[in-house]
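Reader: I have just opened this structure and would like a friendly tour. Could you take me through it step by step?

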Amino acid sequence: MADGLSLAIKDLHAFYGDSHVLHGVTLDVAAGEAVTIVGRNGAGKTTTLRSIMGMLERRFGSVRIGDQEVIAAPPERVARLGVAFVPEERGIYATLNVIENLMLPRKINERGMSVDELYKLFPNLRERANSPGTRLSGGEQQMLAIARVLRTGASLFLLDEPTEGLAPVIVQQIGRAIELMKREGHTILLVEQNFRFATRIADRHYVMERGRIIDMIPRAEVANRSVQLQQYLGI
Amino acid sequence: MSVESAHATEVRWAQWRYVDYALYALGLAALLIAPFFLYPLFLAKVLCYGLFACAFNLLLGSAGLLSFGHAAFFGAAAYVAGHALKVWQLPFEAAALLGTVAATALGLVFGAVSIRRQGLYFAMITLALAQMIYFMAFQLPFTHAEDGLTAVPRGLILGLFDLNNLYVLYYTVAAIFVAAYLLIVRITHSTFGQILRAIRENQQRMISLGYRVNDFKLTAFILSAGLAGLAGATKTMVVQLASTVDVHWATSGDVILMALLGGVGTLFGPVVGGVIVEMLQFYLADSGLPIQVVIGAIFVFCILLFRRGIVGELQRLRGR
Amino acid sequence: MSSQVLFGQLLVGLINGAFYALLSLGFAIIFGLLGIINVAQGTFYMIGAFGAWMMLNYAGIGYWPALVLSPLMTGIVGMALEKTLISRMYRLDHIYGLLLTYGLMMFIMGTFIFFYATAGHAYPVPDELQGGYNLGFMFLPKYRAWAVLVSIIICISTWYVIEKTSVGRNLRAATENPMLTRAFGINVPALLTFGFGVGVALAGLAGVLAAPIYTVGPLMGGELVIVVFAIVVVGGMQSILGAIVTGLSLGVLEGLTKTIYPKGANMVIFVVMFIVLLIKPAGLFGQEK
């Protein structure tokens, strides 16, 4: 049941103020696929996700979500097409409690998970429902950041370093949540430094360096090209 | 934004030096012969407000601090100088000095309290503090409330020349103006000025470099207050009046408009702005049009379309 | 001093405090949401009062409809200004927003002065609220009690909407992180326009309530915003509750000072601000950011 949206980026240029950050990024994610962007810090991975979401002022090129061109669309329009964003810093609101954080993202359709289902997936959140958002631990915040977009019925998920700084037990939980997204047929674009996690999830890996896509490695070739990969990631 | 042009100003300073010298020579010449073509009293008054605007701009252009209560310093000095001239019968030099000292002291007190907050909070606090001074102007006995200090005598300058002679008056004010303006130029281009601008650009960085940023900001505030006071004290001598208008928030607003219209962050801009605003007030005084409409309209226009101000735009056209 | 005078003065203080609270609440909402210092907040107060007066004198619309219509109109005017002018300020240094609203204040005030001169116009107390209650220790005019009651109810309702409803939740999210909130599908620009409208409508409401108490004129509200500045500096602008409580308290304090030391009454709020800045610069309800 591939109801996921497809994503097609062609020659995307993006600027932070006067700083030219993305230099013609081109990548595709087919409906229902899970793809990662890997690369060193500062390569432009987060910027790419934010550009898709419309969060950067100056962007040029083409970003197609499904059959819609969104290069000039404001973030709220991109979101309403069915795109969900889980930022690197998690973006949990301090002035909202957990339930409010959970309910904030606008529902796109009725196909999202219900609050009960989300509590089953992430039991910790039920206990902390009325705490202010930032009183949660890092892992709980990450769970909340993922849970709230699962509620909306989105079908293209942009995930920025979901496992960063988290304990292995939590990473497993998050892995299970993402597997669930895959089973539902959603499309996933993942930025991830933890390469083991990335290879478990993704069908293909784009390598990014200095604002450009320099390589693409399908899952099957990862083992053969592991040395090259390590070079790319600067490990 | 014209504040950036002040940055560029320094870099290109060397190249344009000769053009600038010529312009300044021209300006000085104009200053010297002006009273023979235009009414000297009006010119002297304009110079006072021009100095007031320059003092304000020292704080905003270099330190990036918007004081919305500068009238407090201008007006406090106006009252002190007026009292010194009228009641204590002191010569003008002493009265001007006392006024300036009073404004400087007030600047120290207000500055110490307002510097603690940043940006917009700072602006609001300065306005609120100035409002206190405004209320005090109605309560304190020596200010004579709504009447103000009227018929303030001018006395002699240097013990010799009668300031009631409009030419003596004008050249005295012009001398004060030039001296203060040169001081502001000196401060702006000094290391102190550079540090202030660096703080304005990136305060966090300057703190991590070990600079005591609040001390720098406070010093700039006090300097600005003192110079505004000098302008106010001189104004009292010129128009022979110190009143609650001098400490009213609209006067604070006027001086902001002067700097904005002329060009925040430029050196000469506030003078241009001061001339224009004073002329506007003069010509609109008898018309049926309330001055607030014009001031408000110019403000909105400048903010939307003309943020660099007149001198700022000219500098940009020159490629600075 | 007789208790009549004391409680009379306290009542005036309470009324002023109620208006300060409404104005400061609107001001704090605008600042929190838009990052703009609305120097024209007092002008919208004046517009609200004038709206009621105009409705009565030009259209025969009485107090009760005006109580709803005038703030609504004020809000609409505010939203139009936000959409056309104020929203252009968001990309710039915050100072320009302050200067723009200052310019707007001057322009609007000047326009009203042009048409109506500076004198005040009377606005009658509605018949249903004429007279008062004799409480023994003081005489409580019905209208004044009504004005305070409505102000407090509106303040609490606004607080409730912001803290407990989904609209309020969206507003708070947009205040904290506008870009991310947009990424969640919420139309933040529209929310900002709406928020500005609400902020100035609150001022307009205070104006309508004030009309029968103070005469309606272009100069009303001109200096009121400076008191609002002091209130939000004291209360700490992050807190909606802080703005309300501080507004009310300082109004009462002002009234109290009028009985003890009348000359200092209009200065006491600023003196409090001065002291708070010395002791707790972030404000009483504020946190150091």
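**A sheet, a helix and an interface**

Author: Gladly! Keep in mind that this is a predicted model.

Reader: What is the order of the strands in the open sheet of chain A?

Author: The sheet has four strands and its pairing is antiparallel. Its edge strands are β2(A), residues 19-29, and β5(A), residues 68-69, each of which pairs on one side only. Reading across the sheet, the order is β2-β1-β4-β5.

Reader: At about what angle does helix α1(A) run to β1(A)?

Author: Helix α1(A) spans residues 45-52 and lies across β1(A), β2(A) and β4(A). Relative to β1(A), which covers residues 7-16, the helix runs at about 110 degrees.

Reader: Now to the neighbours. How far apart are the nearest C-alpha atoms of chain A and chain B?

Author: Two pairs of chains are in contact, and chains B and C share the most contacts. Chain A and chain B do not touch, and their nearest C-alpha atoms are apart by 15 Å.

Reader: How much area do chain A and chain C bury between them?

Author: In this contact, 24 residues of chain A meet 18 residues of chain C. On the side of chain A, E76(A), Y93(A) and L104(A) lose the most area to chain C, together 32% of what that side buries. Of the area buried by the two chains, 59% is on carbon and sulfur atoms, and the total is about 1800 Å².

Reader: Which residue of chain C meets E100(A) in a salt bridge?

Author: Across the interface of chain A and chain C there are three salt bridges, and eight residue pairs are in polar contact, both residues at pLDDT 80 or more. In one of the salt bridges, N and O are 2.6 Å apart, and the partner of E100(A) is R172(C).

Reader: Which helix supplies the largest share of the side of chain A that touches chain C?

Author: By class, that side has 15 nonpolar, two polar and seven charged residues. Helices α2(A) (75-80), α3(A) (98-103) and α6(A) (138-150) each supply at least two of its residues. The largest share, four residues, comes from α2(A).

How values were computed. Residues are numbered from 1 along each chain as its sequence is written. Chains are lettered from A and ligands numbered from 1 in the order in which they are written. This is a predicted model: local features need pLDDT of at least 70, side-chain atom pairs count only at pLDDT 80 or more; totals for chains, interfaces and linings use all residues. Side-chain values use heavy atoms; hydrogens and water are left out. Two strands pair if DSSP finds at least two bridges between them. Contact means heavy atoms within 4.5 Å. Axes are lines fitted to C-alpha atoms, for helices over the stretch in contact, and angles run from 0 to 180 degrees between N-to-C directions. Buried area is the accessible area (1.4 Å probe) that two parts lose on being put together, summed over both. A salt bridge is a side-chain nitrogen of Lys or Arg within 4 Å of a carboxyl oxygen of Asp or Glu. A polar contact is a pair of N or O atoms within 3.5 Å; within protein, one must be able to donate a hydrogen and the other to accept it, and residues adjacent in sequence count only if both atoms are side-chain atoms. Ala, Val, Leu, Ile, Met, Phe, Trp, Tyr, Cys and Pro count as nonpolar, Asp, Glu, Lys and Arg as charged, and the others, Gly among them, as polar.
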